[in-house]
Amino acid sequence: MCTYFSPGVYKPVEFWQLEDQTPHATKKHHGSSVFTLKEMEDATCSFSDEHMVGKGGFGRVYRGTLRSGEVVAIKKMELPPFKEAQGEREFRVEVDILSRLSHPNLVSLIGYCADGKHRFLVYEYLQNGNLQDHLNGIGEVKMDWPLRLKVAHGAARGLAFLHSSSAVGIPIVHRDFKSTNILLNANFDAKISDFGLAKLMPEGQETYLTARVLGTFGYFDPQYTSTGKLTLQSDVYAFGVVLLELLTGRRAVDLSQGPSDQNLVLQVRHIMNDWKKLRKVIDPELNRSSYTRESIATFANLASRCVRIESSERPSMIECVNELQMIRYTNSRALGMPLHTFKIVK
């Protein structure tokens, strides 16, 4: 039988402050909870397979239950020895940043565990998993066009918040935005996760020169990979890749395809403004009655601008938010669907 726990409370911002992160960012008014290894074991029935809900290069994710009855997601970091230093750094960055952020489209950090060499992150539990699984048919719900527009709009709002400086006083670059890092709650509200590679931009600067290019293949900003210069527009490029995934239902990189068809951006970027060719790459799982030609074409145009090679030619995330809101509005109106409150963000 599992036992449950009541966490201690700890304000981690000062403790986790990294040397190369800005000290000027404002603190969150409440701290994150800090847990022991025993408490993590109790929450997951000793990390039983029945509680495991996902795994990746970082380790495994378990569904856990707090003593209060709240269901949470517990990320157990399991890295090979040669990656331990990087893993520790990413762990601290995630705690440091998420402890100070609060937005409906960002995953909430409930607490963490740093017990000896053991590292865990405890998040709100999001019932519908990640976006990529749904697009690839793993999720139980088929995503129609209005639902995909809702997810795109929510994710755009989350990134716009990070880029706006309103979060911690200066812009934040996520640096690893992708469809597996867009989690979905019971209402399919999008929440951005995994902030281990996030970077607080130097105050007053629009670029940051990195020693290493970090992120995920298929979502890399070409200018970032060629110059090492990280900008807010690097996230915009990755966002454009996700828009293409939503439109086509295909993966950003599919190694099962031939060499010329493995990279989604290279495969479809040149046809985004050609309707005859564009309609051939629309996800066949989409119900034709759920979208208009205008909404698809406008969405594709936005995606094509986000993935332009020159970063200066890409839209800002606020522009993406407003364009996606308009696409949702016009698509719903044309199909006679219920209209929700419509507000342009400035």
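The structure is a predicted model, with a mean pLDDT of 85 over the chain and 87% of its residues at 70 or more. Its largest pocket holds about 1400 Å³ of space, while the largest cavity has a volume of about 90 Å³.

**The largest pocket**

- The lining of the largest pocket is made up of 46 residues, and those that lie nearest its centre are Lys 55, Phe 58, Val 61, Thr 180 and Asn 181.
- Two or more lining residues come from each of the elements β3 (52-56), β5 (71-77), α3 (84-98), β7 (118-124) and α4 (131-135), and the largest share, five residues, is supplied by α3.
- Sorted by class, this lining consists of 18 nonpolar, 17 polar and 11 charged residues.
- Both domain 1 (33-124) and domain 2 (129-335) take part in the lining of the largest pocket, with at least three residues drawn from each.

**The cavity**

- When the whole structure is searched, one cavity of 30 Å³ or more is found, and 14 residues line the largest cavity, the closest to its centre being Arg 175, Tyr 219, Phe 220, Ser 234 and Ala 238.
- Helix α7 (residues 232-248) gives the largest share of this cavity's lining, namely three residues.
- The classes represented in the lining of the largest cavity are seven nonpolar, three polar and four charged residues.

**The annotated residue Lys 76**

- According to UniProt, in an unreviewed entry, the feature "binding site" is placed at Lys 76, a residue that belongs to strand β5.
- Which residues is Lys 76 in contact with, leaving aside its neighbours within four places in sequence? These contacts are with Phe 47, Phe 58, Gly 59, Arg 60, Tyr 62, Arg 119 and Phe 120.

**Where to read the model with care**

- Over residues 3-30 the pLDDT stays under 50, and for this stretch the model has 74 contacts beyond four places in sequence.
- Residues 340-346 likewise have a pLDDT below 50, and this stretch has nine contacts in the model beyond near neighbours in sequence.

Methods. Residues numbered from 1 in each chain as written. Predicted model: local features only at pLDDT ≥ 70, side-chain atom pairs only at ≥ 80, totals over all residues. Heavy atoms only, no water. 1 Å grid on protein atoms, 1.4 Å probe; cavity = no way out; pocket = protein on both sides within 12 Å on 5 of 7 lines; lining within 4 Å. Points joined across faces, edges and corners; volume = space filled by probe spheres on them. Helix = DSSP H or I, 4+ residues; strand = E, 2+ residues; numbered from the N terminus. Nonpolar A, V, L, I, M, F, W, Y, C, P; charged D, E, K, R; others polar. Domains from an automatic or database assignment. UniProt positions renumbered as here; feature names shortened; annotations may be inferred. Contact = heavy atoms within 4.5 Å. pLDDT = per-residue confidence, 0-100.
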